[in-house]
Amino acid sequence: MSNSSRTAVVTGASSGIGAVYADRLAARGYDLILVARRADRLHALADKLSASHGIKTRVLVADLAKETDLADVEAVIRRDASVRVLVNNAGVARFSPFAASSVEDNASQIALNITALTRLAHAVLPGLVARNDGAIINVASVLAVHALPISSVYSATKAYVLQFSRGLQQELASTGVKVQAVLPAATATEIWSEEISGVPLSALEPSRVMSAEDLVDAALAGFDEGETVTWPSVGDEGLWTTFDAARAAIFAATQTGTPAARYTKA
Ligand SMILES: NC(=O)c1ccc[n+]([C@@H]2O[C@H](COP(=O)([O-])OP(=O)(O)OC[C@H]3O[C@@H](n4cnc5c(N)ncnc54)[C@H](OP(=O)(O)O)[C@@H]3O)[C@@H](O)[C@H]2O)c1
């Protein structure tokens, strides 16, 4: 991924992981389209990165959980032939026991983490395939494979991101378009606040929390290595191989057409 006059779209670029992706992709020479709701943050970052890296930047102020804003962003990235990378990073966590959660919080997590991510990938993909070049980086979470009593909806949205990415990887295997799923563990960003997730950063064990800079640098190192599923904080890469082999084995074992003997005892 070292290109000049090519554009990367980063959603959720106004803070945290997305802001670091924007910085790192600018350093690799990409022009940027930065998307989020907070215009002041996006413009400050855009000005800084265009000054420091000599790239072109565009800001799209959009609430991706709102139909009209999402449609506007889709239209821009669908018709921009310079787009080579989409970092589908914007996401929200609302941690709460499901029965105590609000309808709005559940809907907003699904709208942003699933619907917006899917629609933006769909908007950008035909152009990438036509040019046989480019990448979609989907930011999932380690909670894609793990549910907590307060994360039923969030974990489910991230499981979607992982499976969506894996399906796309198979569809695009014979093209020059790459899809990477990134699964961060706890990362020091604003998501850890009373206002967003409901859990402040101070509630986390500091030794288990990665910086956003380390997270993005590790994820991009994985991308450069051609990884399709990247676990930035996992030292033993064999764990994922074993996990995925078990997943494939249980799927293969479902293909029998008959109930298992334990369910047919008289
Ligand atoms: N931090 C972690 O521990 C962690 C772990 C695993 C996965 N992740 C994932 O990493 C991604 C980035 O999160 P982060 O940790 O960097 O959190 P963050 O600092 O809160 O960043 C979230 C970004 O998403 C944007 N956003 C939120 N709601 C939006 C909406 N309705 N429309 C458009 N943009 C919206 C925010 O910008 P505005 O508020 O300006 O709109 C912000 O730029 C998320 O997908 C998250 O699920 C994070």
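**View 1. S193 is partly exposed, with 13 C-beta neighbours inside 10 Å.** The structure shown here and in the other views is a predicted model. S193 belongs to the loop that runs between β6 (177–182) and α6. From the C-alpha atom of S193 to that of L128 the separation is 36 Å, and these two residues are 65 residues apart along the chain.

**View 2. S5 sits in the segment before β1.** S5 is exposed, because 11 other C-beta atoms lie within 10 Å and a residue with 12 or fewer counts as exposed. Not counting residues up to four places away in sequence, S5 touches D31 and S82.

**View 3. Helix α1 is mostly covered, with ten of its twelve residues buried.** The helix spans residues 16–27. Its reach from first C-alpha to last is 17 Å, close to the 16 Å expected at 1.5 Å a residue. The buried residues of α1 are G16, I17, G18, A19, V20, Y21, A22, D23, L25 and A26. The elements that cover these buried residues include the strands β1 (7–11), β2 (31–36), β4 (83–88) and β5 (134–139), and the helices α2 (39–53) and α6 (212–224) are also among them. Just after α1, G29 takes a positive phi of about 95 degrees.

**View 4. R24 is a residue of helix α1.** R24 counts as partly exposed because it has 19 C-beta neighbours inside 10 Å, whereas a buried residue needs 20 or more. Leaving aside neighbours within four places in sequence, R24 is in contact with V216 and L220. R24 and L220 are 196 residues apart along the chain, yet 8.8 Å separates their C-alpha atoms.

**View 5. The ligand is surrounded by 30 residues.** The closest of these residues are G12, G16, R37, R38 and G91. Helix α1 supplies the largest share of the shell, three residues. By class, the shell around the ligand consists of 15 nonpolar, ten polar and five charged residues. G16, one of the closest residues to the ligand, is also one of the buried residues of α1.

**View 6. Helices α4 (residues 103–131) and α5 (residues 152–171) have axes that come within 9 Å.** The two axes cross at roughly 10 degrees. Angles under 35 degrees count as roughly parallel, and α4 and α5 are therefore roughly parallel to each other. On the α4 side, the residues that meet α5 are N106, Q109, I110, N113, I114, L117 and T118. On the α5 side, the residues that meet α4 are V153, Y154, T157, K158, Y160, V161 and F164. The contact of α4 with α5 is made up of eight nonpolar, five polar and one charged residues.

**View 7. N132 has a positive phi of about 50 degrees although it is not a glycine.** N132 is placed in the loop between α4 and β5. It is exposed, because 10 other C-beta atoms lie within 10 Å of N132.

Methods: Residues numbered from 1 in each chain as written. Predicted model: local features only at pLDDT ≥ 70, side-chain atom pairs only at ≥ 80, totals over all residues. Axes fitted to C-alpha atoms, helices over the stretch in contact; angles between N-to-C directions. Helix = DSSP H or I, 4+ residues; strand = E, 2+ residues; numbered from the N terminus. Parallel < 35°, antiparallel > 145°, perpendicular 65-115°, else oblique. Contact = placed C-beta atoms within 7 Å. Nonpolar A, V, L, I, M, F, W, Y, C, P; charged D, E, K, R; others polar. Near = placed C-beta within 6 Å. Expected span 1.5 Å × (residues − 1).
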